[in-house]
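Here are a few notes to read with the structure open beside you. Take them one at a time and find each spot as you go.

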Amino acid sequence: MNMSLLQTCDEELRPQFEAKYSKVERVNPISGKPEPFQPVTDKLSRLMVSVSGIFLMISLVLTAVFAVVVYRLVAKEQFASFEWEFVKKNWQFATSGTGVCINFMIIMSLNVCHPSGCLIDLCMQMGIIMVLKQIWNNFMELGYPLLQNWWSRRKIKKGSPRQSMENKGILPQWDEDWNLLPMNPHGLVDEYLEMVLQFGFTTIFVAAFPLAPLLALLNNIIEIRLDAYKFVTQWRRPMPARATDIGIWYGILEGIGVLAVITNAFVIAITSDYIPRFVYAFKYGPCVDQGYRHEKCLRGYVNSSLSWFNMAELGNGNSGYCRYRDYRAPPWGSPPYDFTLQFWHVLAARLAFIIVFEHLVFGIKSFIAYLIPDMPKDLCDRMRREKYLVQEMMYEAELEHLQKERKKNGKRYHHEWP
């Protein structure tokens with residue numbers, strides 16, 4: 001039998017699963033031994049509860065985002081007509097700043113990331129989240145055990161008859177360790193969740209906030225030392241648990257990586273001014289069919305990127321025309337305010353950039369993964385060698401056993417497989 005299959009079948013069951021489903025057993029088709037079994041109806045009911053909870057949280061997130069958008073619309077009008085002149089002049093910054101703070105509180109409550117607004121708002125939001133969220137998490141990870149242990153020592157000093165012994169510092173080490181805070185059974189899940197969220201913030205929105213990887217690196221350096229101090233001085237030694245890999249977290253990280261590439265491709269394509277400039281230089285500028293020659297080919301780009309609007313159509317007594325950034329036909333065009341051909345050229349160029357960008361990144365990723373395999377070749381060869389030796393030993397032992405049986409029965413035997 002394949003050794004990898006044997007290793008998979010020999011994995012230990014969780015004690016909680018074994019205790020709950022030990023009364024319902026079935027025969028394992030591989031090993032032929034009875035094992036705890038989870039009925040399909042129970043599995044489906046748990047799956048429905050999990051899916052319902054996920055959809056509930058998604059609905060809460062969408063509701064919170066919609067509420068923040070409504071707040072920004074209302075606050076914009078209020079700050080623009082504020083009595084304080086400083087706020088009135090900086091109404092846009094005040095609206096974005098308060099919206100970011102409200103969104104930060106929602107994120108800390110729901111433990112997700114869902115940005116709204118333009119790129120500068122996303123940059124501000126990422127900066128606040130990456131700094132405040134990491135400071136808060138580190139404070140809670142270290143401050144909570146410190147307070148709990150201080151409170152436990154205080155209660156022991158008040159109620160324990162061995163107060164004098166503890167004051168003299170002659171308690172055995174195991175007794176002092178027992179008074180430490182026990183590790184949360186789901187503490188490792190919390191650590192994985194924190195790293196996954198940080199990885200998501202850092203990779204998905206790095207185009208909007210390039211300092212996010214630096215802040216994440218600094219946070220991880222600090223958190224390594226805080227965790228070391230916490231595990232040595234504040235928590236009891238955790239019980240080791242067997243695991244073949246990091247489980248579902250690997251799939252989550254892979255999904256976030258794919259989503260990050262697609263998201264950054266869209267952010268760069270939509271918010272960057274490079275693609276409209278490129279289209280103008282090679283299709284509409286003064287250097288058409290002449291090749292790109294530095295700034296000369298962008299002459300007239302700003303005027304080409306602005307459209308006309310007739311102020312008289314507002315009906316408020318104003319007249320004349322104003323310019324706004326878009327690729328639309330003028331009011332005297334037919335039909336007016338319709339998208340121009342340049343708009344579709346820019347849109348096609350952006351979509352082409354997204355496709356080329358993501359394929360290029362995924363290609364580089366696959367190439368690097370090929371150059372750096374998960375298991376080195378020499379280690380793989382050693383494992384195959386050990387597997388071969390084990391099979392040889394099993395073969396020799398079985399052959400020796402059969403030869404002894406034939407000797408006992410008075411039959412001839414040969415040094416070959418019977």
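**Notes on a few helices**

1. Let's start with Ile-135, which is exposed, with a relative accessible area of 53%. Keep in mind that what you're looking at is a predicted model. If you want to find Ile-135, look in helix 6, which covers residues 119–159.

2. Now hop over to Asn-219. Ile-135 and Asn-219 are 84 residues apart along the chain, yet their C-alpha atoms are separated by 8.3 Å. Asn-219 belongs to helix 10, residues 212–234.

3. Is Asn-219 buried or exposed? With a relative accessible area of 5%, Asn-219 is under the 20% cut-off, so it counts as buried. Setting aside neighbours within four places in sequence, you'll find Asn-219 in contact with Gln-134, Asn-138 and Gln-198.

4. Next, a pair of helices. Two packed helices are described by the angle between their axes and the distance between the axes. For helix 12 (residues 274–284) and helix 14 (residues 341–371), the axes come within 9 Å and cross at roughly 125°. That angle makes helix 12 oblique to helix 14, and the crossing is right-handed.

5. Which residues meet where these two pass? From helix 12 you have Ile-275, Pro-276, Val-279, Tyr-280, Lys-283 and Tyr-284. On the helix 14 side they meet Leu-341, Gln-342, His-345, Val-346, Ala-349, Arg-350 and Phe-353. Sort the residues of this contact by type and you get 9 nonpolar, 2 polar and 2 charged.

Methods. Residues are numbered from 1 along each chain as its sequence is written. This is a predicted model: local features need pLDDT of at least 70, side-chain atom pairs count only at pLDDT 80 or more; totals for chains, interfaces and linings use all residues. Side-chain values use heavy atoms; hydrogens and water are left out. Axes are lines fitted to C-alpha atoms, for helices over the stretch in contact, and angles run from 0 to 180 degrees between N-to-C directions. Helices (H or I, at least four residues) and strands (E, at least two) are DSSP runs, numbered from the N terminus. Angles under 35 degrees count as roughly parallel, over 145 as roughly antiparallel, 65 to 115 as roughly perpendicular and the rest as oblique. A crossing is left-handed if the near helix is turned anticlockwise from the far one by less than a right angle, and right-handed if clockwise. Contact means heavy atoms within 4.5 Å. Ala, Val, Leu, Ile, Met, Phe, Trp, Tyr, Cys and Pro count as nonpolar, Asp, Glu, Lys and Arg as charged, and the others, Gly among them, as polar. Buried means under 20% relative accessible area, exposed over 50%, partly exposed in between (1.4 Å probe, protein chains only).
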